[in-house]
Amino acid sequence: MRVSGFASGMDIDQVVKDLMRAERQPINKLNQKKQTLEWQTEMYQEVNKQFFDFRNTIFDSIMKKSSMTARSATSTNESRVSATASASAGNATYSISEVKQLAKSASQSSFERATGPGFSASEAIGSQTFATGKEPQWSKGVIQSKTINADGSTSYSVEGSKLKQNSDDMIVKVSGKQYEVVTGTDPLEPGQVRASFNSDQIDLEFSSAVTSGKSISVQYAATNETKTIDAATATSSFSLGKGAIDPETLDISVNGGAALTIVTDPEQELKTGEAYVDTKTGRVTLGEAVTGTIEATFTQQYSTNTITTFDKDGKEQKNKFTFTSAQSMNNIMSTISSSGAGVSAFYDEHSGKVALTRSETGDFNKNGDEMLFSGGFLNNTLGLNNVEGESRQGEQNAVFTMNGLETERPKNTFEVNGMSITLKETFAETDGAVTLGSDTNTDGVMDTVKGFIEEYNKIIEDVNGKLNEKVNRDFKPLSDEQKEEMSEKEIELWEEKARSGLLRSDSSISNVMNNMRSLLYEQVNGTDSAYNTLYSIGITTSSSYTDNGKLEIDEAKLRQAIEDDSEGVYQLFAASGSTTETQGLARRMRETLDNGVTALAERAGGYKGKLLPHQFTLGRNMENIEDRIAQFEDRMVSVENRYYRQFTAMEQAMSRANSQSNYLMQFMNNGQ
């Protein structure tokens with residue numbers, strides 16, 4: 001029990017608080033030491049971030065050949081022929097004297113109007129009007145799909161019921177790539193899969209093993225599907241689970257009774273014994289609520305179609321599509337465009353026609369059309385039946401004469417010895433030749449080297465600034481009590497001085513800086529180039545000692561070196577020799593920085609997987625201080641309790657003394 005100073009008149013709480021302030025001085029010093037370690041850790045990590053970022057900059061800039069041996073291309077007439085040059089382009093010159101024709105894509109559009117009045121491209125085509133004679137002729141069945149996870153074999157099976165024994169309706173894809181489905185016993189070619197049908201199973205055989213883990217998607221057709229609903233409570237609607245329903249084949253019965261009359265008009269009022277079906281979604285609404293067993297047998301309206309294109313070797317590339325009456329025209333066009341067929345498609349509402357264009361230019365099928373269409377919807381409904389005329393625009397290669405040789409390409413942009421050339425318009429020999437050239441992109445290489453030097457100089461300035469900071473020994477980290485008596489600005493200024501010099505003359509950082517500086521004076525051997533030192537390309541150390549080893553560039557000398565031997569300049573920085581002496585300076589510096597990052601991470605964490613306090617030196621030191629503080633705090637509780645016990649005993653003793661004194665005074669007074 002703690003008592004106040006009722007006997008002594010002292011403020012016991014304040015006295016104990018003052019005593020404890022003195023007792024807590026060791027804890028305050030530990031907290032100051034911990035704060036100093038936290039600041040040091042932050043500052044080490046800031047320096048290490050600069051080392052780490054500069055290390056990556058070296059790799060992404062001056063050690064990248066495309067940056068250091070960059071070339072630029074020139075054209076005497078950019079409006080006719082343009083060019084760009086990669087690092088592999090030599091000092092070549094090309095003359096294009098004539099462009100007879102540019103490469104074009106094949107295209108095919110409907111040869112006559114396909115859709116009827118009021119056709120909406122965003123509504124289901126099963127509810128739309130088509131031009132006379134263009135009405136879709138739908139197949140009847142149910143489209144099913146299964147997914148198989150490949151196990152590395154060539155053979156797989158798909159189980160199903162009521163299978164249509166028809167491979168024409170099958171689509172098989174492996175990780176999105178469509179395979180051609182074939183039957184028979186002929187040897188399989190790459191990109192083919194053989195389908196064999198049993199009563200309730202489809203066996204698939206690929207020409208080669210399908211990599212384990214890949215996804216095999218299989219789409220096939222069944223003759224129909226029966227859905228059974230056990231209605232324990234009164235039910236008036238349900239879903240067939242599929243859309244594009246053919247109302248003519250839909251059969252619905254309740255508890256084995258007579259088939260319900262099917263209604264497709266959503267405005268018609270339903271009666272008992274009738275059922276409305278939304279053919280697009282497959283949602284069924286009954287004329288009355290029923291209980292028991294509902295059986296619905298149905299088929300879908302679908303059409304299987306194929307678009308065949310040709311690759312650069314003239315080989316057929318077949319892409320099969322299944323369209324249903326529930327899809328909109330916009331959706332069908334999008335499906336074609338986003339497939340792997342290499343064809344873009346769109347529907348034009350004004351003309352009522354569709355147009356399909358090959359994504360690639362050029363003539364790949366020398367003996368026929370670039371796009372072939374099969375299937376009732378594409379051929380008959382949309383009128384894409386490969387007829388000659390205005391609806392078909394033929395493909396062609398670019399034909400031109402370069403350096404006296406007439407040649408052709410499937411694209412208007414092509415590459416010759418590292419130079420990318422783009423033909424923009426046709427012209428004749430009499431119009432004058434276009435000359436293309438390739439030279440070293442001196443300005444680009446200069447910018448890369450200058451950027452490297454600027455980054456290096458910034459490291460020198462920033463890090464040396466920390467190594468040479470003044471130490472303010474009179475400014476220690478503030479305690480919480482001290483901060484309460486100061487403004488935020490005063491705290492900020494104080495801590496700025498307290499943090500100053502915490503990395504002064506740090507050996508770990510100094511070693512990295514010294515190693516970086518020293519290696520820049522070294523020579524690179526084995527490059528077979530006169531430019532094997534920084535000095536030889538115009539890069540030297542500043543003569544001012546206050547710059548602490550910053551680099552300076554003689555731009556005229558550097559430019560000359562790049563123009564004379566850009567490969568030699570690149571090797572000076574990036575040569576990948578087997579010994580230190582034969583490695584480029586930037587490669588050596590990158591290794592030095594990597595070692596520095598590792599050393600600082602061991603001390604202050606933040607990199608190389610050193611993220612938790614126990615994984616680096618300063619973190620372990622801070623944990624040790626925290627343990628000591630925790631122990632000291634426990635001891636302070638005991639000390640405080642001891643002071644209170646002592647003062648309580650004092651108060652009790654003084655209280656007894658006061659009582660005795662009062663008694664004696666009273667006794668003496670009574671005796672008189």
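In this report, helices are DSSP runs of H or I with at least four residues, numbered from the N terminus. By that numbering, Met668 belongs to helix α12, which covers residues 617-671. The model is predicted.

Met668 has a relative accessible area of 51% and is exposed, because exposed denotes a value over 50%. Together with Tyr663, Leu664 and Phe667, Met668 makes up a nonpolar surface patch.

A separate element is an open sheet of three strands, arranged in the order β2-β26-β25 with antiparallel pairing. Its edge strands are β2 and β25, each of which pairs on one side only. On average, neighbouring strands of the sheet are turned by 25 degrees against each other, direction ignored.

| Strand | Residues |
|---|---|
| β2 | 81-85 |
| β25 | 413-416 |
| β26 | 419-423 |

Between β25 and β26, which run antiparallel, there are four bridges. Within this part of the sheet, Glu415 is located opposite Ser420 of β26.

At the level of the whole chain, the domain assignment gives two entries, domain 1 and domain 2. What distance separates the C-alpha centres of domain 1 and domain 2? These centres lie 53 Å apart.

Technical notes:
Residues numbered from 1 in each chain as written. Predicted model: local features only at pLDDT ≥ 70, side-chain atom pairs only at ≥ 80, totals over all residues. Heavy atoms only, no water. Pairing = 2+ DSSP bridges. Helix = DSSP H or I, 4+ residues; strand = E, 2+ residues; numbered from the N terminus. Axes fitted to C-alpha atoms, helices over the stretch in contact; angles between N-to-C directions. Patch = residues over 30% accessible without salt bridge, like charges linked within 9 Å, V, L, I, M, F, W, Y side chains within 5 Å. Areas by Shrake-Rupley, 256 points an atom, 1.4 Å probe, with all protein chains shown as cover. Salt bridge = Lys/Arg side-chain N within 4 Å of Asp/Glu carboxyl O. Buried < 20%, exposed > 50% of the residue type's maximum accessible area, 1.4 Å probe, protein only. Domains from an automatic or database assignment.
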